[in-house]
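Please look over the model below before reading the points.

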Amino acid sequence: MVRLLSAAAPPPSSPRGSGASPTGAPPSAPTTPTTAAAAAAALAAPPPRLPPSAVAALRAAALSPSGGVGGGGLVRASVLGAAGLTVYDPGYTNTASATSTITYIDGGRGILRYRGYPIEQLAARSHFLEAAYLLSYGELPTAAQGAAFSSRVAAAAGAGLPANVLAVVAALPRGVHPMSALVTGLAALGGVHAETNPALAGPHVYDTPAAQDVQLFRVLAAMPLLAAAIYRHARGRPPVSPRPYDPAIHGTAGGAGAAGGGRPFSYTGLFLDLLERRSEGSPSAVAHPVVVRALDTLLLLHADHELNCSTATVRQLASSGVDATTAVAGAAAALYGPLHGGATEAVLGMLGRLAAAGGVAAIPDFLATVKRGEVKLMGFGHRVYRQYDPRATLVRRLAYEVFEAVAAGSDGSDSGGGGGSGGGGGAGLVAIAVALEKAALADDYFASRRLYPNVDFYTGVIYQALGLDAGMYTVLFAIGRSAGWMAHWREFLADPEARIARPRQWYVGAPERAYVDVHARGRGGGGGPAPAVKNPAVLSKL
Ligand code: ACO
């Protein structure tokens, strides 16, 4: 819940401890020492409604009377600062930190658009690399532009990963979580390119669009290469090199076709070959076109979702001037968390437990435990969507297509593993998922709270059917989202209002006190037991 801080409620501390407002407005005067108890009491009280005159004044000062966060008007924080007020908004649920032209979401109406194009049209007619182009440059590419873009990604991928980055991944324990390995690998990749690192080469290394493009292609190329190296490492298999061009893997859906005048290149085909080719000299691992297309569509559907936790992290890190790959490593770290990218894994765990408890027959008992608040229905609900997540509709359709292809046993893969062959229980899980969705949507508990399936509800069953380990699901999410991260990184660099991100805090700790000698502590002179964790259940509450 957003609240305003003023002298009445303890003010936030200034970065330099001066009490000065960052806007230059006179500081609000702290009258009494702030304490956690006073803050808790202030937060427990229901927030008063602003009088109509105050609302009218704020609306008059608004940058935009509508179209802001939550559909309301947008007021500059400096307007509040000039009045001695600061917004208290844990989780930034009602705070806009940037203007953006990349992605539009209307959660109430279930709308998602990249650069104005509805996600449904892009999923049906576009492909991941084209969406990456659209997100970064703002327009759909012409055939020649699309082919050139794909060729640049193909060339960057063809160069492979630096040997020392692969060595870093190989040095990790085999049982490491794939996301941990991805974060490590990306951080290592950021370290090997000194020539484009602002910390080493100066602050102007990203000043030109061409220099920004180098970063974009490096990241887009590295993601599938790193993901495949991580997947193989878990199986004790060394990575294989990307094949520059193999019609078997590249002449399929998902790339900019030869019609564009460039070399055909399938991003997903490349990835699946790197995952499943037996060894360096073995024939390419060729997946069923339905599988290639489905994975490509999943990457596209995950490519951007405006200022979610990981994308906000990219902008936050970019604001300090760190190199682009390290910013992406930080974003991947944010995505790793179970409340963000890790939910797909959790959905599959839930469906697996239902299967073990009797499948569809176990659903009523399970929903009863959800309604008693004992567990959550994973893959349901969303902070932004109060409607069916439009991506969930598309993923459900894809799940059926993949299961048909897998069940037909005609995947064409030479690998016998992920990227083509099916995990045996997948069809059973999708049947449970469909029945669970139906039962939940018919139940007043979920309807009254406007809880609908989100993108994660069906994604995991597709990955499971393809034989991918659960830990890899978030890595796949990261491959897709890297397109959005780079688009936001570029937009941040071009933003004339961008500055280093530095939120305020509301200090509720001890007032000034004198240092206590170690021998005097615990005898009424300070010390004592370590403070209790404020909210041990914070993760389950978020
Ligand atoms: N199962 C059961 N009850 C739920 C669920 C759920 N999945 N989601 C919300 N609720 C309940 C809340 O307990 C609350 O009930 P109450 O009014 O009786 O207290 C009510 O619905 C309203 O929920 P909100 O507080 O509005 O939900 P919030 O926006 O804080 O959380 C979130 C959104 C975290 C996604 C939540 O719905 C959830 O935990 N879902 C399951 C996890 C999940 O699928 N995450 C993936 C999100 S998509 C993505 O990140 C790519």
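1. The shell around the ligand is made up of nine nonpolar, five polar and five charged residues. Here Ala, Val, Leu, Ile, Met, Phe, Trp, Tyr, Cys and Pro count as nonpolar, Asp, Glu, Lys and Arg as charged, and the others, Gly among them, as polar.

2. This is a predicted model, in which local features need pLDDT of at least 70 and side-chain atom pairs pLDDT 80 or more, while totals for chains, interfaces and linings use all residues. Residues are numbered from 1 along each chain as its sequence is written, and side-chain values use heavy atoms, without hydrogens and water.

3. The ligand is surrounded by 19 residues, counted when a heavy atom lies within 4 Å of it. The closest are K376, L377, G379, F380 and N454.

4. Polar contacts are pairs of N or O atoms within 3.5 Å. A nitrogen atom of the ligand lies 2.8 Å from a backbone N or O atom of L377. Ligand oxygen atoms are found 2.9 Å from a side-chain N or O atom of N454 and 3.2 Å from one of R386. Of the 930 Å² of accessible area that the ligand has on its own, the protein covers 72% (Shrake-Rupley method, 1.4 Å probe).

5. Which helix gives the largest share of the lining of the second largest pocket? Helix α22 (residues 472–494, a DSSP run of H or I with at least four residues) does, with three residues. This lining divides into nine nonpolar, three polar and two charged residues.

Notes:
Polar contact = N/O pair within 3.5 Å; in protein donor to acceptor, adjacent residues only side chain to side chain. Helix = DSSP H or I, 4+ residues; strand = E, 2+ residues; numbered from the N terminus.
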